[in-house]
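Subject: Handover of a structure and notes on its side-chain contacts

Dear colleague,

Please find below the structure that I am handing over to you. My notes on it follow directly after.

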Amino acid sequence: MNTPGITAKTSHLPLGIPRRALAAVTLLSVLLFGLVRIAWAEPTLTGDTYISTTRPANPFGLATTLSVATGNTTYLQFNLPLGLPAGITGTDVAKATLKLYATSVVTGGTMTLRQLPSFWNEGTMTNQTALVLGAQVGSKPIVLADRGKWVVIDVTALVQTWLTTPGTNPSSLALVSTLGLNVVFDSKENAITSHEPVLEINLRGPAGARGATGATGVTGARGATGSIGSTGARGATGSTGANGSTGATGSAGANGVTGATGSTGATGVNGATGATGATGTAGTTGATGVTGATGLTFRGAWSNITTYAATDTVSFGGSSYISLQNNNLNQPPGGSPLFWSLLAQGGATGATGTTGATGATGVGTTGATGATGAAGANGATGVTGTAGANGATGATGTAGTNGATGATGATGATGATGAGGAGTFLAGFLNPAQASWYTTVSGDSVAFTNGPEWAGGAMPFACTFTRLYMTARHISTAGSDTITVTLVKNGVDELALTCSLTSTTIGATTTCNDTTGTVTVAAGDMVGLHFAQSNTAPFIRIGVGTTCQ
């Protein structure tokens, strides 16, 4: 019978483990008393991109994020029905859910889902080749609190339609902004976070044969022995009584009458177990899943004589970095934003904690018993004396009273506040299609905003910014673009630390720096970067490094 059941869930993986390792169709059979089997399928995401009216000729199929905003529409497509077992129809779908990870929510609003009329190529799809949007097939309100969370949308009816009429309803849809929504989701190209869009499908199916019982797991480690309690006070020993004389043996009494028949004895042990029946026919093997993308490879501490490949990770100066290119040789991570991206910033060393109290003395195990000495010769057996009567047991002594608890010692004085810290901050991203934007000093491609009230991070220590470097590599779309970067403190541009450059040639790299200006910040100040550009058309990769000490 078709009965909805429990979905077999998989938790989202930690940083560096690609979600696409699970994107192949996965079927998990659960047998409940031979009645119900529930299958969980996750079809492969074959395309994700977005189109932009401000850059109508540019494809975004390789971008690590997906934008849904005024002028920006996201496209998604899946490999249905190829990603499901043969013969599956819309009536076999018990539940279908679309999940999107919101890395940034600039403005809340409503996202509508629209059917697309055909499949498309994410490498060539642009606003100039955009498809005509079909009927609305769903909607989802999104608020600012959804930032950093999975947005979950029920698409059961939509998936059932895809499977019922795949010829007129391909498994392809558009995500459209309404009511001013501006949200950014992770794409499948973001191999660092692995938060790609996911379509989860619960299928109904008949009960399968029960599998063989798995092998018994290994016994867990034995827990530590508890401490031995203190021994109570010993009572006084009673005096030994005098030995009594042995009484005379009485004459044997007459035989008693035969007793009643005893109760029936216990049932005998069971006979040996019969031979095991023949093994049932094995079920067919499911299709092999799609191989997942390669994860991060940790190569230890950075070395100037080692050549690193893309996605290799190293430790350097207390922080960890990820290689952005292959054939990466002799490029120090701290100063090469074109070759390395900051993965995890090393924290400042904390103050040394006070020494803990000395632990209780452990109880040692008893040593092995020594060998038994040779037995001496047996002496002659003496005459057995008469047994004396046992003396009365002495009374148990009264337990002593517990001593009074000692007074609590005075609290020690608070230690002195440590000195301010120091740090190097790196930011890297593609320039957005806007004349002015803000990021944190460690910003990335999804962390830019339109106003200083959204930018910046709280400084964990007081320090002085003394250096600012910017590198720009012209990726595509010809044109001259003058870019200026300025340090921002508490929402105000600090013109003492700023620099500008002009990028004109595709494939060329341009740099600027300010090593003379200084900006002092206190712990808790909000610090960020303000960017301004003269031309929004060119695609330019920007890298910024700052030092505060």
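How many aromatic pairs does the structure hold? The structure holds 11 of them, where rings of Phe, Tyr and Trp (its six-membered ring) pair if their centres lie within 6.5 Å, and planes under 30 degrees apart count as stacked, over 60 as edge-to-face and the rest as tilted.

Please note that this is a predicted model, in which local features need pLDDT of at least 70 and side-chain atom pairs count only at pLDDT 80 or more, while totals for chains, interfaces and linings use all residues. Residues are numbered from 1 along each chain as its sequence is written, and side-chain values use heavy atoms, with hydrogens and water left out.

A stacked pair is formed by W437 and F531, with 5.3 Å between the centres and 5° between the planes. W437 lies in strand β19 (residues 436-440) and F531 in strand β26 (residues 526-533), so parts that are 94 residues apart in sequence are tied together. W437 is buried at 0% relative accessible area, and F531 is likewise buried at 0%.

Ring pairs also link Y50, F60 and F539 into a cluster. Over the ring of F539 sits the charged end of R55, 4.3 Å from the ring centre (the rule asks for NZ of Lys or CZ of Arg within 6 Å of the ring centre and within 35 degrees of the ring normal).

Salt bridges

Six salt bridges are found in a search of the whole structure, each being a side-chain nitrogen of Lys or Arg within 4 Å of a carboxyl oxygen of Asp or Glu. Among them, D48 pairs with K188, the closest N and O atoms being 3.9 Å apart. D48 is in strand β2 (residues 45-52) and K188 in the loop between β10 (182-186) and β11 (198-205), so the pair ties together parts 140 residues apart in sequence. K188 also meets E122 in a salt bridge, at 3.0 Å from N to O. Both D48 and K188 are buried, and E122 is buried as well. D48, E122, K188 and E189 are linked in a network of salt bridges.

D154 forms a salt bridge with K95, with the closest N and O atoms 2.8 Å apart.

Disulfides

The count comes to two disulfides, a disulfide being a pair of cysteine sulfur atoms within 2.5 Å. C463 is joined to C548, S to S 1.9 Å, and the torsion about the S-S bond is about 105°, so this disulfide is right-handed. C499 and C512 form a disulfide with their sulfur atoms 2.3 Å apart; its torsion is about 50°, so it is right-handed. Numbered in sequence order, the bonded cysteines pair as 1-4, 2-3.

Methods. Helix = DSSP H or I, 4+ residues; strand = E, 2+ residues; numbered from the N terminus. Buried < 20%, exposed > 50% of the residue type's maximum accessible area, 1.4 Å probe, protein only.
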